[in-house]
Amino acid sequence: MKLSIRHWMLSSISAACLLNAALSQAETVNTTVFSEPGQFCFGQTRLRGVPDKTILDHYLIIPKEYHFKIGDVFIGFRRKSEPDALWLTDGSEWRAYDDSEHPYMAYKRPAKLDPVIKAKIFMQQMDVTEFEGDGEIWVGYGLRKDESATEEDSFQDMMDNQRYYRLWQIGIGFEEKFSTICLTATKMTERKVTAQ
């Protein structure tokens, strides 16, 4: 009996803590409808910092025929001196492509492929000095044929259909993917989470 009362008290305390945490944050949504369509322009690739403290962001543009299809985005790293060794990231860590646990680790996994997908390639400052002139960053996406398809299927689709490109030769420069993107917008939604 003591155990069940104690369990009930702990459950009640846990529920109260979760409720208080949810109540301590509120989301405000503001929508502004523009009087006429406007443009929002930004660089497709953004490199910041210095070689020993580098941040890299990129916007992957999905062709119209694949908009909102189910697929995966892949971000890879390889060295020209070791072309068969590939590393993939999920945005928080890099793993060898032949890793037995996650051999086809996607950056963004299965999701509808939006027309423009932001990829934070180096989410924190990275020291890339040892890879200058040798390292390369690659970006691509693969499609899943149905709900039973896996990251491996999507990775193979990307490879078979050459839906990838080299974004950056570290220390040398960007490929042609350093352009300006302009989106036409008719409204803007702003979400703010505030602590209470």
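**Exercise 1.** Does Cys 41 count as buried, partly exposed or exposed, and what is its relative accessibility?

*Solution.* The model is predicted, so local features need pLDDT of at least 70 and side-chain atom pairs count only at pLDDT 80 or more, while totals for chains, interfaces and linings use all residues. Residues are numbered from 1 along each chain as its sequence is written, and side-chain values use heavy atoms, with hydrogens and water left out.

Step 1. Buried means under 20% relative accessible area, exposed over 50%, and partly exposed in between (1.4 Å probe, protein chains only).
Step 2. Cys 41 has 37% relative accessibility and therefore counts as partly exposed.

**Exercise 2.** Describe the disulfide that involves Cys 41.

*Solution.*
Step 1. A disulfide is a pair of cysteine sulfur atoms within 2.5 Å; the whole structure contains one.
Step 2. The sulfur atoms of Cys 41 and Cys 182 lie 2.0 Å apart, and the link is right-handed, with 110° about the S-S bond.
Step 3. Cys 41 belongs to strand E1 (residues 25-43) and Cys 182 to strand E12 (residues 180-195), 141 residues apart. Strands (E, at least two residues) are DSSP runs, numbered from the N terminus.
Step 4. Cys 182, at 37% relative accessibility, is partly exposed.

**Exercise 3.** Which residues have the most contacts inside the largest nonpolar core?

*Solution.*
Step 1. Such a core is a set of buried Ala, Val, Leu, Ile, Met, Phe, Trp, Tyr and Cys residues joined through side-chain atoms within 4.5 Å.
Step 2. The largest has 23 residues, and Leu 60, Ile 121, Ile 137, Leu 167 and Trp 168 have the most contacts inside it.
Step 3. Among the strands that each supply at least two of its residues are E3 (53-61) and E8 (116-126).

How values were computed. Helix = DSSP H or I, 4+ residues; strand = E, 2+ residues; numbered from the N terminus.
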